[in-house]
Amino acid sequence: MPKAIFLLPDSRQVEIDVPVGTSLMRAAADHGIEAIVGDCGGNLSCSTCHVFVDTPFVDRVPSPSATEDQMLDYTAVERQPNSRLSCQLVMTEELDGLVVRVADRQV
Ligand code: FES
């Protein structure tokens, strides 16, 4: 099963097995990663699942939809070029080893 590595605001690094087809937000919630809030449950209406995709993976994740791009303007921590909403990052075999840094604040 592919893995994702979360770099948390408290400097911990957490590696999680993420089933293919599962969003990083859902995987984080299932493993008690509270730094990703995910208030809306993945409906693209809260922007509380903000992560920064690590450089080697930026070009490997699919581009954000127009709606995700709009919602990235409402994150608590200012968006960066590698900002994504983790509810929209869906694990694939090709993304095994994906590294994301979780934003310091979600609200
Ligand atoms: S969980 Fe609400 S936008 Fe991602």
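**Figure 1. Thr 22 in the loop between β2 and α1.** Thr 22 is found in the loop that runs between strand β2 and helix α1 (24-30). The model shown here and in the other views is predicted. Is Thr 22 buried or exposed? Thr 22 has a relative accessible area of 17%. Buried means under 20%, so Thr 22 counts as buried. Leaving aside neighbours within four places in sequence, Thr 22 is in contact with Ala 27, Leu 89, Val 90 and Met 91.

Figure 2. Strand β1 covers residues 3-7 and pairs with β2 in the antiparallel sense. How many bridges join the two strands? The pairing runs over five bridges. Five residues lie between β1 and β2, and the two strands form a hairpin. Ser 11 is found in the loop between these strands. Its phi is near 80°, a positive value in a residue other than glycine. Ser 11 has a relative accessibility of 70% and counts as exposed.

**Figure 3. The two faces of strand β2.** In a regular strand the side chains alternate between the two faces of the sheet. Strand β2, residues 13-17, shows side chains that alternate in this way. Which residues of β2 point to the face with buried side chains? Val 14 and Ile 16 point to one face and are buried.

Figure 4. Lys 3 lies in strand β1. Across the pairing, Lys 3 stands opposite Asp 17 in β2. At 30% relative accessibility, Lys 3 counts as partly exposed. Not counting residues up to four places away in sequence, Lys 3 touches Glu 15, Ile 16 and Asp 17, among others. The residues that Lys 3 touches also include Met 91, Leu 95, Asp 96, Gly 97 and Leu 98. Gly 38 is 35 residues from Lys 3 along the chain, and the C-alpha atoms of the two are separated by 20 Å.

**Figure 5. Ser 47 in the loop between α1 and β3.** Ser 47 is found in the loop that links α1 to β3 (50-53). What is the phi of Ser 47? The angle is near 60°, which is a positive value in a residue other than glycine. The relative accessible area of Ser 47 is 2%, and the residue is buried. Ser 11, by contrast, counts as exposed.

**Figure 6. The chain behind the close-up views.** The chain has three helices and five strands. Read along the sequence, these elements follow the pattern β-β-α-β-α-α-β-β. The radius of gyration is 12 Å, close to the 13 Å that the globule rule gives for 107 residues, so the chain is as compact as a globular protein of that length. Taken along the principal axes, the C-alpha atoms fill a box of roughly 30 × 25 × 25 Å. Buried residues make up 44% of the 107 residues. Among contacts between residues at least 6 apart in sequence, 66% join residues at least 24 apart. The accessible surface comes to about 5,700 Å², and 45% of this surface belongs to carbon and sulfur atoms.

Note on methods: Residues are numbered from 1 along each chain as its sequence is written. Side-chain values use heavy atoms; hydrogens and water are left out. Helices (H or I, at least four residues) and strands (E, at least two) are DSSP runs, numbered from the N terminus. The radius of gyration is taken over C-alpha atoms; the globule rule is 2.2 Å times the number of residues to the power 0.38. Buried means under 20% relative accessible area, exposed over 50%, partly exposed in between (1.4 Å probe, protein chains only). Contact means heavy atoms within 4.5 Å. Accessible areas come from the Shrake-Rupley method with a 1.4 Å probe; for residues, only the protein chains shown count as cover. Two strands pair if DSSP finds at least two bridges between them.
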